[in-house]
Amino acid sequence: MTDIRNIVILTGAGISAESGIDTFRDGGGLWEQHRVEDVATPEAFARDPDLVLRFYDMRREAIQQKEPNPAHEALARLDDIWPGELLIVTQNVDDLHERAGASRVLHMHGTHLNAWCTACDVRSPWRGTLIERPSCPACGESALRPDIVWFGEMPYEMERIYGALRNADLFVSVGTSGAVYPAAGFVRDANALRVRTLELNLEPSQGSGWFDEARHGPASELVPEWVDEVLIP
Ligand SMILES: [Zn+2]
């Protein structure tokens, strides 16, 4: 691993699942008994804002009760001491990477712990509920929505992500299904850029065949092992 300097790590639901955070991919396409199209699209929010706000209020409350696991902790350890460039691009909307101590984290699908004002476009840190239509701390309007990238919306900071991939020597995908684009396409972008690729996932993902190397097992075991390998050349 001595020739590796710049690393991009993509993380997905699989890493948070071991902390007890479930996703819509568990349980036959249902998410807490809701269909994705009823709670995680702009159309759903326009149609039934109470349902959507209540759903995200519940998720926001739930993630604050969860704790980072050894996979988050290992990535935070790597982030802390890795001398080269490193970017943890997470599809997760919890804050478990940050609570484990990682600082180079990009939330491409937003975060539960922000509220986004559709009146003034300001994002404010938020830990409470939105169902009662609180006013925006910046402009005072009651126009806050979850700062979550819903299906049909554009993920955040794609230019920064592609910039990091162009500079990377290694792309690692942790706990992602390989089903949700554009993240699922990063491995092929990395291949086109001749960036080395590694998959760490519970089982072969839909894109497993695109990786130079794939290891399968729980993230809480695979990630600490891999971090040890990278740090001890
Ligand atoms: Zn506002």
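**Entry 1: zinc site.** I looked up the zinc ion and found a tetrahedral site, with angles of 107 to 112° among its four donor atoms. The rule I applied calls four donors tetrahedral if all angles lie between 85 and 135 degrees. For reference, the ideal angle for four tetrahedral donors is 109.5 degrees. The model is a predicted one, in which local features need pLDDT of at least 70, side-chain atom pairs count only at pLDDT 80 or more, and totals for chains, interfaces and linings use all residues. Residues are numbered from 1 along each chain as its sequence is written, and side-chain values use heavy atoms, with hydrogens and water left out.

The protein donors are Cys117 (SG), Cys120 (SG), Cys136 (SG) and Cys139 (SG), at 2.3 to 2.4 Å from the zinc ion. Donors here are N, O and S atoms within 2.8 Å of the metal (3.2 Å for Na, K and Ca); water is not among the atoms, so sites may look incomplete. I noted the sequence spacing of the donor residues as C-x2-C-x15-C-x2-C.

Cys136 is buried at a relative accessible area of 3%, whereas Cys139, at 35%, is partly exposed. Buried means under 20% relative accessible area, exposed over 50%, and partly exposed in between (1.4 Å probe, protein chains only).

**Entry 2: the sheet.** I traced an open sheet of six strands in the order β5-β4-β1-β9-β10-β11, with parallel pairing. At its edges stand β5 and β11 (213–216), each with a single partner strand, so one side of each has no neighbour in the sheet. The twist from one strand to the next averages 15°. Strands (E, at least two residues) and helices (H or I, at least four) are DSSP runs numbered from the N terminus, and two strands pair if DSSP finds at least two bridges between them.

I looked at β4 and β5 separately: they pair in the parallel sense over three bridges. Val89 stands opposite Leu106 in β5.

Helix α7 packs on this sheet, touching β1, β4, β5 and β9, and its direction makes about 135° with that of β4. For such angles, axes are lines fitted to C-alpha atoms, for helices over the stretch in contact, and the range is 0 to 180 degrees between N-to-C directions.

**Entry 3: α7 and Thr90.** In α7 (residues 158–167) I found Met158, Ile161, Gly163, Ala164 and Leu165 buried. Their cover includes β1 (7–11), β4, β5 (105–107), β9 (170–174) and α8 (186–192).

Thr90 lies in β4 (residues 86–90) and is buried, with a relative accessible area of 0%. Beyond its neighbours within four places in sequence, Thr90 has contacts that include Thr11, His97, Val105 and His109. Contact means heavy atoms within 4.5 Å.

**Entry 4: aromatic pairs.** Rings of Phe, Tyr and Trp (its six-membered ring) pair if their centres lie within 6.5 Å; planes under 30 degrees apart count as stacked, over 60 as edge-to-face and the rest as tilted. By this rule I counted five aromatic pairs.

Tyr56 and Trp150 form a tilted pair, 6.1 Å centre to centre with 50° between the planes. Tyr56 is in helix α4 (residues 49–63) and Trp150 in the loop between β8 (144–148) and α7, 94 residues apart. Both are buried. Phe171 and Phe211 form a stacked pair at 6.3 Å and 15°. Phe171 sits in β9 and Phe211 in the loop between β10 (196–201) and β11, 40 residues apart; both are buried. I also recorded one aromatic cluster, formed by Phe45, Phe55, Tyr56 and Trp150.

Note on methods
Tetrahedral: all angles 85-135°; square planar, octahedral: opposite > 155°, others 65-115°.
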